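Biologist: I would like to learn how to read a few features of a protein model. Could we go through them one at a time?

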Amino acid sequence: MHAFVADSSAPGRIAEQEVPEPLPAAGEVVVDVRAFSINRGEMRMLRTADDGWRPGWDFAGVLGSDIQHGPRAGARVVGIRRGGSWAEQVAVPEGWVAELPDDVSFAQAATLPTAGLAALRTLRMGPSILGRRVLVTGASGGVGRFAIQLAHLGGAEVTALVSRESARAEGLRELGADDVVSDVDQLRGRFDLILESVGGETLGRLVTKVDPQGTLIMFGNSSDEQTTFNVRDVYNDALVRLQGFELFFGGDPFGRDLGYLASLVAEGKLDPQLVAELPWERIKEAMDRLQNREVAGKVALTLGGTWRETTSGELLG
């Protein structure tokens, strides 16, 4: 089968190569991939990856065998795995896939795993958000856009923090943000829950914006900067909690949460933020657009099928 593999001699350090078909271990199933999406974290890892490393977390496709008490062979599924999903086939633990509703496309589903799961699970790490104040930094990105929608759906008052120069911030109010700001100094009051992915100076300044009984979840560092802050800003508010998050840390299977996210898309309650659907041969173009922050949402790469051009120049299946 074919897959995308790290290759330091290729443009973008990525090349399509022939690789062995996956051999499922006990408790795993094989999925024929129909679409996958790209995350900035994968691209960051690709910069320094050894030749032969295979990137990819998110995928959607067709299940190759039955899952006991779950989807049957031939079912349309969405799933996640820790590497190797940019391929024609993947082997994945049974509990890491969920069946798709009929009216959710493969491309839409492929946007959900990493960004949607990160948003959903970080929101769960704070207090119950009904009636609470939630701040989402890096709000114009993939995780941020899902977090805004899910927090709004959960009954929170949502503030979105974006960079001053971000043209991708348009539409965040329509997704559920009650307020959109471009500087920490514009924030009013304190927040019960802060989802933080910028790091650097922004994180240091946000420590004083957490409610004395609130939680700040750190799940990224897009600034690539170190953070400093006065520890008195934490221990003087003794119940402030600073906590890290890594999606693949912990033993809770992903399937149930993926099924929940897919059902929200099917019900029209969650917009998958699919802004472009491209044939997988155009992966370098998709990566360049993500790297240059030209995409206000998610890009899916699809295998097989036909595509049509939209007025915005995107190819959609």
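**Reading a helix and some loops**

Modeller: In helix α4, the residues V143, G144, R145, F146, A147, I148, Q149, L150 and A151 are buried, where buried means under 20% relative accessible area, exposed over 50% and partly exposed in between (1.4 Å probe, protein chains only). Helices (H or I, at least four residues) and strands (E, at least two) are DSSP runs, numbered from the N terminus. This is a predicted model, in which local features need pLDDT of at least 70, side-chain atom pairs count only at pLDDT 80 or more, and totals for chains, interfaces and linings use all residues. Residues are numbered from 1 along each chain as its sequence is written, and side-chain values use heavy atoms, with hydrogens and water left out.

Biologist: Why is α4 described as largely enclosed by the rest of the structure?

Modeller: Because 9 of its 12 residues are buried.

Biologist: Which elements do the buried residues of α4 pack against?

Modeller: Contact means heavy atoms within 4.5 Å. The buried residues of α4 pack against α3 (113-124), β8 (133-137), β9 (157-161), α5 (172-175), β11 (191-196) and α8 (255-266).

Biologist: What follows α4?

Modeller: G155 does, with a positive phi near 90°.

Biologist: Is H69 buried or exposed?

Modeller: H69 is exposed, at 79% relative accessible area. H69 lies in the loop between β4 (58-63) and β5 (76-80), and has a positive phi of about 60° without being a glycine.
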